[in-house]
Amino acid sequence: IPVDIYVISEGSIKSESLHLTISQDLVRNAYLALFASLLVLAFIVVPHAYFYGEERGSGDFDMKADRRSCWGAFRHTSLFVAFVLFLMVVGLNFRPGHTASLDKAWVSQEEASRWVSDLFDSQHGGLNAVSFSIACLTLLGVGGWVFYTAYGMAAMPFAWLRGKQSASEQRMGLEQSIASIREKYRVIQARYPSREDGSPDLSRMKAVDRKELNRLQREYKSMVQHNYKLQEYEEKAGMVIPRLLQFLVPFRWAIGVTMMSISLLVVVSLLLTLIDRLVHSDCGWSCGYTLKERRIYNPADEIFLYLSHVFPLDFMVMGIIVLYIWIASVFGIVCLGIRFLCFNVYQLRTRKSMPQALLVLCNVMSYILLALCMALLTIAPNYTAFGSQTVKNADGTPGRCSLDRNDSVSPCRVSVISAFFTRIAVAMPVFSVAYFFANWAFICVFTLVFAHCLFHHQRQPYLEAVAECEEEELGLLSFS
């Protein structure tokens, strides 16, 4: 996207030493290659790796079993290949700009060649031909954008500002919980007579009390294991890397405030553009609330337009914002887990995540980054569409580019990514309407999470709770 904006603002990039000219056509081909590789990654590479892991399991390497696993993964992946081929076929017929009719193709060879050329979008290098497939993938990514990214951008700054509990602080609270569990255990045990060896006589206990004792015992074992882990971390606290991290603690506030500023800048800019499109769009539902000219002040757009006069500050700031949104999305996925509707499919933990969970994480992040491309057109609409280009008004003063002024004497060039999504909005408004209301859902989720983090002052634990003990582990530890 930065290269796309630079080309429309300053012209083609020429390198005599490399004998290379980066023009808008080359940028269009680069988008086509990236979109095509995304389709291959999302529907072929990642599904095959996922099913290969499911087929093979965690056993040792075996050539025959490995071949069977590979063939089984191919069979399962064929469903995804069929789906992406279906999307491509539908996209060829319903893509924006496809006007030729099949009936005319039978009239003459020239009409047949024209129909084939129009079908495969040879004029635009095939970019419009994959528009339907990319629009569908973007719609999938919008779900992750609404929940994971919104959660991460709201919660991550507070996590940095408040920091985590130290190992000693968490141990103190954990030991209090262990003492409370011991007391509950002794209260229940005191109601019934004990055996000669001092152990509780379970045969005389009520079923409810036996169930409660079993639950307390499991909870106790898990907390003791957790306490041992915290003791290990406390012993390692004097090492070089933990001390270096402690040295960086004073900068935590600066990092947290910066994150908070970026989150608020993105959300406020997104909200103002959505209000502008809702109020001032001429076509409304029929074109997905497309806006010809921005009429409400947008802070992110103005910052980018101001920085565009000092190359390459605008590209650096955009890179920082995109990187921050990417990190916030990963943070949201790690905190919430990989979910389908309300069901938790995979939980991501340090050095304990399943390989399949990491593959699904890669797929989800690729969809979210595709949705981010669409969101950038709403966060900074003028900058992402026209860059630093200006036009002359009737009185000779410079003015901002817009879609209304694109037919002037010296029309502004539109970026490839903006033209791509604008054509989708006009030809297939159902996608644009879905993106529009998804951004409103993003604002709502961000506001709810932000308010919860603002009034809920609990700090993150130093170490997440360990899983419950297995049955054979219950006898290794006992109440004391």
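What is the mean pLDDT of the protein, and how many of its residues reach 70 or more? The mean is 76, and 73% of residues reach 70 or more; pLDDT is the predictor's confidence in each residue, from 0 to 100. This is a predicted model, where local features need pLDDT of at least 70, side-chain atom pairs count only at pLDDT 80 or more, and totals for chains, interfaces and linings use all residues. Numbering runs from 1 along each chain as its sequence is written, and side-chain values use heavy atoms, with hydrogens and water left out.

Select residues 100–107 next: pLDDT is below 50 here, and the stretch has 8 contacts in the model beyond near neighbours in sequence (contact means heavy atoms within 4.5 Å). Then jump to 467–480, where pLDDT also stays under 50 and the model has 29 contacts beyond four places in sequence.

Now show everything as cartoon. You'll find 15 helices and 6 strands; these are DSSP runs, helices being H or I of at least four residues and strands E of at least two, numbered from the N terminus.

Next stop, a pocket. Select I338, R339, F340, V360 and V364, which lie nearest the centre of the second largest pocket, among its 28 lining residues. A pocket here is an open set of points on a 1 Å grid over the protein atoms alone, where a 1.4 Å probe fits, with protein on both sides within 12 Å along at least five of seven lines; lining residues have an atom within 4 Å of a point.

Finally, colour helix 2 (24–56) and helix 12 (355–379), among the elements that each supply at least two lining residues.
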